[in-house]
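Visitor: I am new to this structure and would like to learn how to read its features.
Guide: Please look at the sequence and the model first.

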Amino acid sequence: MLLFNGVSIHSEHLFPTIRVLGSPLKLQKLLYLDHFATPRPFSGGIRSGRHRDRRNFEVVEGVSIRAIMAGEKGVNPVANVSFGKMVFIPILEEGVFRFDCSEDARKSANPSLSFADGKIRDNAIPKANMPQYIPSSECKNGQQITVIEFPSGTSFYGTGEVSGNLERTGKRIFTWNTDAWGYGLGTTSLYQSHPWVFALLPNGEAFGVLADTTRRCEIDLQQESIIKFVAPAVYPIITFGPFASPTEVLTSLSVATGTVFMPPKWSLGYHQCRWSYDSDARVREVTQTFRERKIPCDVIWMDIDYMNGFRCFTFDQERFPDPKSLVNDLHDNGFKAIWMLDPGIKHEEGYFVYDSGSEGDVWILQADGKPYVGEVWPGPCVFPDYTQGKTRLWWAKLVKDFCANGVDGIWNDMNEPAVFMTLTKTMPESNIHRGDDELGGLQNHSYYHNVYGLLMARSTYEGMHLASEKRRPFVLTRAGFIGSQRYAATWTGDNLSTWEHLHMSISMVLSLGLSGQPLSGPDIGGFAGNATPRLFGRWMGFGAMFPFCRGHSETGTLDHEPWSFGKECEEVCRLALTRRYRFIPHIYTLFYFAHMKGTLVATPVFFADPKDAKLRKVENAFLLGSLLVYASTAPEKRSNASGDILPAGIWLRFDFDDQHPDLPTLYLQGGSIVPVGPVLQHVGEAKPTDNVILMVALDEHGKARGILFEDDGDGYGFRRGEYILTYYEAQLSSGIVSIKVSKTEGSSPRPRRSLHVQLLLGEGAKIDAWGLDGEEVRIVMPSSDEVSKLVSASANQYKSLMENSQCIPDVEKYSDHKGVELSRTPVELNSGEWELKIVPWIGGRMISMSHAPTGTQWLHSRIEIEGYEEYSGVEFHSAGCSEEYTVTERKLEQSGEESSLALEGDIGGGLVLQRCFRIPRENPKVFTIESAIVARSIGAGSGGFSRLVCLRVHPMFTILHPTEVCVAFTSIDGVTCEIKPESGEQMLEGSSLPNGEWMLVDKCAGLCLVNRFNIKEVAKCLIHWGTGTCNLELWTDERPVSKDTPLQISHEYEVKALQDQ
C-alpha cells in the first residue's frame, strides 16, 4: 500500500496500466496520462474524495495515473522511446501474429476487448512460420506510434464504420465513438470504432492489421502503402496473413473477434421505422397499409416516443396503453415489433429502473465518486456501467422482463454514449468505470468509451436470451467496437437524404463487412431531410439487397413509407422488396456460413478477382456470394447505362421479369447455383414444402455448384443438427445438363416438394425445368444457334423495355413541404488542396470544406442549416442565410486557371448579399471568400441609405478532439492568446481583436485551420463553442449602406501543420 497526501492506494488492485515500481516509500515523480497523451505534472496531489468498490479498496480521482518510482527498470510507456522492430509471438492459427513494442510491453498490455476470448491473444502457438511483415514502433509523448510498410500498389480498406470512399488509401480517421448526426464524406469519427485495416496487396493476396486498443486511435493511411496507428501506449498489434484470398483474412479475423450472431430469419425481411410512429393506432395503420398495397415487410419499429417521458422500460399509457395487445395484432398480421432502449436512465427517485440501479450501485461515477449525471432525452440521466458483470446482469434482467410485453427485438441507440449540452457530445473522460478484471478493471472513461456500446449490446442480447432460449435475440446497436457482431446488427447512423449519401451507403456497408460486421445497412431514403421519389426509389432498389434492410426517417420530415412518393416510386419499391424476399433463401444461407465460419455476406466486387486492379475502386456494386448487384447511384443515370465493370469470367445478367431503370442490374457468376424462393409478403408465409427454385449459371467447363441452408428460421436447433444443408451441382455432358444433390448435411428430413431449375443462358434468357427436390433434373440443351437466338431476342426485349421505361420523377420541391430541395446537387470547387461544396439555393451556404492532403472535413453541416453561413444583421439567422442565391459567375479549374464561384442573394430592402469563393492558381493551398452587402435599389426617400445592417460571417467548424483544441492568435495590442472551450463564448473587439489572423488548433491531429482577414474590414470577432463545434465569426460595423459604401469582408483559409507555426 502506498501513502500519498494521507490517502492510501492499494497498488495490487490498481488497473493494469498503473505500474508501481521501486520503493513505495520514496515517490519522486508522478505523472498522469490522458488519452491524448501529452504527459504533464499531476498538480494538487491526490484528493481525498473517494469511493469504495466491491473489492473494498480505496479509489482516488484520476484513475489514469501511472506512478513512476525512483529506480525503475525496464520500459517507461510514457517516455519517448524508439523501439524499432516489434517483438512477436504466433497466436491463434498459422499466419496470425501478435506484435509488441518489447517483452515488458507485452506483459503490461491491457486485456483484449476485441477478442471473443481475450486469453487466446496472450498464448503462443507452436511451430509457426516467420511473419512476412513486421511493424516498427516508437513511443513519443505518451503515444505508441506503429508503422507497417507494404509493397507499392497496396490498397487499403476496412477501418470500420467510415464515410467516404470504399478504398481508404490516402485517408485518416480516429476511432472515437461519436454521435455524428448528418455526417459528411470527410467526417473522421462516426458511431463505431474498428482499429483495423484490410490490405489488398498488388499480387492479390490479402492482409489484416488490428491495433488491439480500446482508446482513441488514429489510423493514418495517407502515405502510400503504409499503415500507421497512433494511440496511447502501450498496445499490441495483431496481424493476419498474408493469405491467398480476402475471405481467408476475414475468416481468420473471426477466429479472434468472433462471428456474427445467427439472425432469426424474419430479421432478413424489410424493416419499416420512423422517429416516430407515435401511437399504437399509427403503428396499426402503417402495417395494415403494407398488407393492403402488397408491399413485403416483416418488422415495424418503435422509437423513443412509445415511452413514458422517454423513461426506458416504460410505455406511454395514452399512446401505447396495451403493448401486448398491439404486438399480438402485429403477429397475427405477420409483423414483428422492435423497441428502442437507450442507456440514459432518468435521474428520478420513484422510477423503478433508477431505484433498482441505485440500490445495486451500477452507475458510472464521476471522478469524485458520485454517480455521473448527464442530459439526454429524459432530462438528467445516470448511465449504467456495463463494464461490471453485476450491471450487465441487472440490465439483462430488466430486458428479460421487458420482453414479456411481446418484444421481438431491441434497438440500442445513443450508446456512444451520447450526452447533450456538452462540447464533447459524451461524458467526461475522467469518469470512472469499475470494470471486471478481465476487461481491464478500474479505468477512466477514455479507456472504456469505445466499448460502451458493445457492452450495452452484449447485456441486451443476454437479456433477450434469458427471456427465451428458444428464440434468437435480435439487437440493433448504433455504437459498437470490433467484435460487436457477436451480439448485434448495426446501421450506418443518421445519414442524409442526398445522392451523396445514397452512393456512400454501399461503401459504408462494405467497409463494415471488411471489418468483421456483416449485418449492417443504411437508413434507406436517408434519415435527415426529405427524399425525392427518385432518390427514395433508387435507394430502395439496391438497399433491398443489403444484409440489413430498413427504411428510417427523422421527425419533422415527410413520410418516408414506400407509398409516400407516388405510384411510380411505390411500384419500384414493391419490385425491389419482392426481389429481396425471393433471395432470402440465398441470403439466409450466406448468414449461416457467416455465423459458422466468419465469411461475409456482402463483399466488394474485387473479391471475385483480387488481382484485377480496376475492380478495387468500384463503389456502386457488391457481391452477395456469387450474385453481383450493380446499381446506378447518379440521379440521371439509368441502371442499364451505368457501364458495369465486370470481373473476368462468365457473368450472366438475369431478372424476374421486373426490369426497371431504377432497379439494380443482377448478374450470376458462371459456375454458381443460387437458391431463390416464392413471392412473399413476410417471411412467416414461407413453408418447408414451397418449391425450391435454383438459378443456374454454368462456367466455361459446363459446371456449377450451390448451397441451400434450411432450418426452423429461429431458435438453436441447428446447433443440434436440426437443419438441412443441401449441396447442389450441375454439369453439362453430351448436350444434357443434369442438376442433382451432391451432398446433404443435417438431421432434418427433406420435405417432399418440387424443384424448379432456371438455367441462365445470358442477357436474361433462360430455360426452365421441373422435377422433385432430391432427384436429378435433366435439361436438353438447345443447339448453339438456338441459344444465340434466345439470347439475342432476350437482349433486344430488355433493351426495348428499358428504353421505353421512365425513371421515377425527381421532383425537387413540394409546395407545402420544406426540405425536398436537399436532393439538388451542390456546386463543387475542386482545386489545389481544397474540395468545397456550395448550395446556392439555401443561403448560398458552403456545406463541405474538405482538405484533401490531410483528409479533414472542417465544416459541421447539413444542407439546409449550419456549415458556412453569412447574415446581414447582428441577430442569429438574420436575412442572408436562407434565401435562394443566383450563381453570377462560375469558373472551373482548367490548365492552371483559378477555380471560383460568384453568387448573390436578395436580402430585401434593395440590398443584395454577394459572395465569391475562389481558389487562386498562384497559391492553391488557400481559398478565399469575398463577401459584401451592396445597395442595389435604395429608394430616394431614404437618402440612398439602407436600414442598419451588419455583415456577419458565421462558419461552424467540426471539433474532432474537443479537449485538445483551442483558438490561438496574437491580438492587435501584441498579446498572445489561447482560448479553450472552457472559456465559453468570447466577443473580441478593439485592441483585443486578432491582428488579421487567428487559427483553430487541434493539438491531437497536429493541425490548425488558419483564417486570415482584412483587419480594416472587421470590427468584432466572436468565438462560440458548441457540442463538438466551434464558430469563428467575423463581424463588420453595424451601419446603413449605400451604393458607394458597401460592407465587405475578405478572408481566406489555409491548413497548416502545427510544427510549421
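The dialogue below goes through some features in turn.

Visitor: What kind of model is this?
Guide: This is a predicted model, in which local features need pLDDT of at least 70, side-chain atom pairs count only at pLDDT 80 or more, and totals for chains, interfaces and linings use all residues. Residues are numbered from 1 along each chain as its sequence is written, and side-chain values use heavy atoms, with hydrogens and water left out.

Visitor: What is the mean pLDDT of the protein?
Guide: pLDDT is the predictor's confidence in each residue, from 0 to 100. The mean for the protein is 89, and 90% of its residues reach 70 or more. Over residues 1-78 the pLDDT stays under 50, and the model has 164 contacts for them beyond four places in sequence. Residues 812-823 also have pLDDT below 50, with 34 contacts in the model beyond near neighbours in sequence. Contact here means heavy atoms within 4.5 Å.

Visitor: How is a pair of aromatic rings described?
Guide: A pair of aromatic rings is described by the distance of the centres and the angle of the planes. Rings of Phe, Tyr and Trp (its six-membered ring) pair if their centres lie within 6.5 Å; planes under 30 degrees apart count as stacked, over 60 as edge-to-face and the rest as tilted. The structure holds 64 aromatic pairs. In one of them, F313 and W395, the ring centres are 5.1 Å apart and the planes stand at 70°, so this pair is edge-to-face. The pair links distant parts of the chain, 82 residues apart: F313 is in the loop between strand 22 (299-302) and helix 4 (323-332), and W395 is in helix 6 (residues 389-403). Helices (H or I, at least four residues) and strands (E, at least two) are DSSP runs, numbered from the N terminus.

Visitor: Is F313 buried or exposed?
Guide: Buried means under 20% relative accessible area, exposed over 50%, and partly exposed in between (1.4 Å probe, protein chains only). F313 has 8% relative accessibility and therefore counts as buried. W395 is buried too, at 0%.

Visitor: Which way do side chains point in a strand?
Guide: In a regular strand the side chains alternate between the two faces of the sheet. In strand 39 (residues 651-654), W651 and R653 point one way, L652 and F654 the other way, and all are buried. Two strands pair if DSSP finds at least two bridges between them. Strand 39 runs antiparallel to strand 40 (residues 665-669), and 4 bridges join them. Y667 in strand 40 is the bridge partner of R653.

Visitor: How many salt bridges are found in the whole structure?
Guide: A salt bridge is a side-chain nitrogen of Lys or Arg within 4 Å of a carboxyl oxygen of Asp or Glu. The search finds 56 of them. One of them joins the side chains of D523 and R550 (2.9 Å, N to O). D523 is in strand 34 (residues 523-524) and R550 in strand 35 (residues 550-551), 27 residues apart. Both D523 and R550 are buried.
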